[in-house]
Structures are given as structure tokens and as C-alpha cells.
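Please look over the fold below.

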Amino acid sequence: MGREQMRAADEDRRQVGDQLRAALEEGRLTLTEYDERLQGAYEAKTYADLDRLLTDLPNAAPIVPAEPAATPVATADGHSVRTAWLGHIWVPYAKAVVFFTVIWAISWLADGDADFYWPVWVFGPWGVVLLVRTLAGLAKDEPRRHAEEAEHRRRLREHKRDRKALQARAIAAGKLPAKPTKEQRKAFVAEAVARGDLPPKPRKPAT
């Protein structure tokens, strides 16, 4: 397999982002072009995708494939990842079992007769479905994907919080109007990313 067809890493995308930022500062790219190319860099899958973003920049250097680095999810304890996923699957079921069992028990005590445990008609089929899902999920590495998606959502919340805080400071300093338009907010975020005041929006993990 040639270099162009090899999968790019996050570090490779970051290096392209740094070169695009330098080109913006040199006046070789407009803010709109920089924003479009930066988005393309963080959506790139192969080195060929990254190369296309740099071909017309004279000072840009091709990205050399880096050694694979372990991600936080990859280095997390495998048992913890599986436990969190199993909790995500089974905890709602367990809560429902307790809730409807309490209702059944109250009804039984109120009537004074040992009624048939009717919740079994719900929990039986539901439990079978969850068991099948659990076995299939473990076979398909679903716990890891669940952990990666949870981490992505956490990073998105942090990015949104930081972006809003940065915009609020800019409004207080008079650098942005009190009610900026969508275009003004987009341009402000792109400039903040270019300056390094705000990291790029986290990319969704590959499935």
C-alpha cells in the first residue's frame, strides 16, 4: 500500500492544521479558505486527503506517517469499559424490574392474595433481547465504541463551553456585538482556532 492510501492519524491532521495556520498568517489563505481547509483536514481519512490541502502552499511540507499513539480510550482499563457499557445496557432494565415489582407487591398486599407475578411477561422477553444484544455487542467490540462516543460527547460539551466563554469575553471587550450573527460567530471561532485560543471542534470517532 502506498503512502497516499494509508490512514492518517490525529497527529497528522494537527500538523496540517498548523501549516494552514501559518499560511493564513502569511496571507496565502483567506479566513474562509483557512476555515474550509481546516475542516477538511479534520475530516481527512488518508494522506492523499491531507496532501490536497497543501499542494498550492509553497512552504508546506508533506506529512510523514507517525507512529501510532494510544488514545485515552485504548489505554483505559478494558474491564472498566465493559462494566460501563453493561451498566448502560442493563441498569434501566434492573430499575424497571424493581419499580414494577414494588407495584406488584403493593397490589398483592392490598388484595391479601398471592397474585401471579405479571411483570414477568414484560421482563422475560425484554431480558432475552438484552441478553442477545449483550452477547452480540461483546463480540463486536461495542463497549469500546460506546466509550469512544461517550468521550466524544464529553469533548463536544467542553468545546461548546469554551467557545461560549470565549465569545462572552469578546462581547464584554467589545470585539463582538451583543447579538452576533451566525456569520460573525463563525468568523470569530475560525480566528480563535487560528490563534490557538480555541481547539478545533472534536471529530466524531470512526466507526
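The expected span of a helix is 1.5 Å times one less than its number of residues. This is a predicted model. Helix α7 has 31 residues, so it should span 45 Å; its end C-alpha atoms are 45 Å apart, which agrees. Its buried residues include P143, H146, E148 and H152. Further buried positions of α7 are H159, L166, Q167 and A170. After α7 comes G174, with a positive phi near 80°.

**Helix packing**

Two packed helices are described by the angle between their axes and the distance between the axes. Helices α1 and α8 pack at about 110°, with axes 9 Å apart. Angles of 65 to 115 degrees count as roughly perpendicular, and α1 and α8 are therefore roughly perpendicular to each other. The table lists the residues in contact.

| Helix | Residue range | Contact residues |
|---|---|---|
| α1 | residues 10-25 | R21, L24, E25 |
| α8 | residues 182-195 | V193, A194, R195 |

Three of these contact residues are nonpolar, three are charged and none is polar.

**Nonpolar cores**

The largest nonpolar core holds 26 residues. V16, L20, Y34, A41 and L50 touch the most other members. At least two core residues come from each of α1, α2 (31-43), α3 (47-51), α7 (142-172) and α8. Which helix supplies the largest share? Helix α8 does, with five residues.

Leaving aside residues up to four places away in sequence, L50 touches A8, D12, R13, V16, A41 and A44. Another core, of six residues, lies apart from the largest one. W85, I89, A96 and F123 are among its members.

Key:
Residues numbered from 1 in each chain as written. Predicted model: local features only at pLDDT ≥ 70, side-chain atom pairs only at ≥ 80, totals over all residues. Heavy atoms only, no water. Axes fitted to C-alpha atoms, helices over the stretch in contact; angles between N-to-C directions. Helix = DSSP H or I, 4+ residues; strand = E, 2+ residues; numbered from the N terminus. Parallel < 35°, antiparallel > 145°, perpendicular 65-115°, else oblique. Contact = heavy atoms within 4.5 Å. Nonpolar A, V, L, I, M, F, W, Y, C, P; charged D, E, K, R; others polar. Core = buried A, V, L, I, M, F, W, Y, C linked by side-chain atoms within 4.5 Å. Buried < 20%, exposed > 50% of the residue type's maximum accessible area, 1.4 Å probe, protein only.
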